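Hello,

Here is the structure for your files. My notes on it follow below.

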Amino acid sequence: MFLPRQKVVCVDDVFPEAIKKFYWKLPIKGVTYTIRDLVPGVDIGGEGGEMCTYLVELINPCSDAPPYPERGFKAERFRPLETDTETEYQTDDVTEDVPNEVAV
C-alpha cells in the first residue's frame with residue numbers, strides 16, 4: 001500500500017454524480033498527488049473494508065456520520081508514481097568522499 005508523503009498518480013477519476021455533492025475537490029486522472037494519510041474507510045453504501053487515502057493537495061469536508069472523518073478516496077484510484085531508474089543508477093556511482101578542492 002502507500003505511505004505518507006509518497007507520490008501517487010490518479011488512475012481513476014470517474015465518480016458517480018450523486019457523490020460529487022459531498023466533495024469540494026476530486027482527484028483528476030493523470031495528476032500527481034501526495035499521500036497525507038491512509039485510514040480504514042467505508043464505501044458509498046456504508047460498508048467497511050476499503051482503504052481510504054487523504055491527499056495533501058485535496059482537503060474535503062468531513063462526513064456527517066460519527067466519528068465525522070474527512071471524506072477521502074479509495075486507494076485503488078491511485079498508483080505509485082514511477083521513479084526514474086536511470087537517475088537512481090547514476091547516483092549509486094557517486095562517491096561519498098568530497099575532494100579537498102571543493103570542500104568548504
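Is Tyr 68 buried, partly exposed or exposed? Tyr 68 is partly exposed, at 47% relative accessible area; buried means under 20%, exposed over 50% and partly exposed in between, with a 1.4 Å probe and protein chains only.

On provenance: this is a predicted model, in which local features need pLDDT of at least 70 and side-chain atom pairs count only at pLDDT 80 or more, while totals for chains, interfaces and linings use all residues. Residues are numbered from 1 along each chain as its sequence is written, and side-chain values use heavy atoms, with hydrogens and water left out.

Backbone. Most residues other than glycine have a negative phi. Tyr 68, not a glycine, has a positive phi of about 60 degrees. Tyr 68 sits in the loop between strand S3 (48-55) and strand S4 (73-74); strands are DSSP runs (E, at least two residues), numbered from the N terminus. Arg 5, also not a glycine, has a positive phi of about 75 degrees. Arg 5 lies in the segment before S1 and counts as exposed, at 73% relative accessibility.

Leaving aside neighbours within four places in sequence, Phe 2 is in contact (heavy atoms within 4.5 Å) with residues including Val 8, Ile 35 and Phe 78.

Regards

Definitions and conventions: Helices (H or I, at least four residues) and strands (E, at least two) are DSSP runs, numbered from the N terminus.
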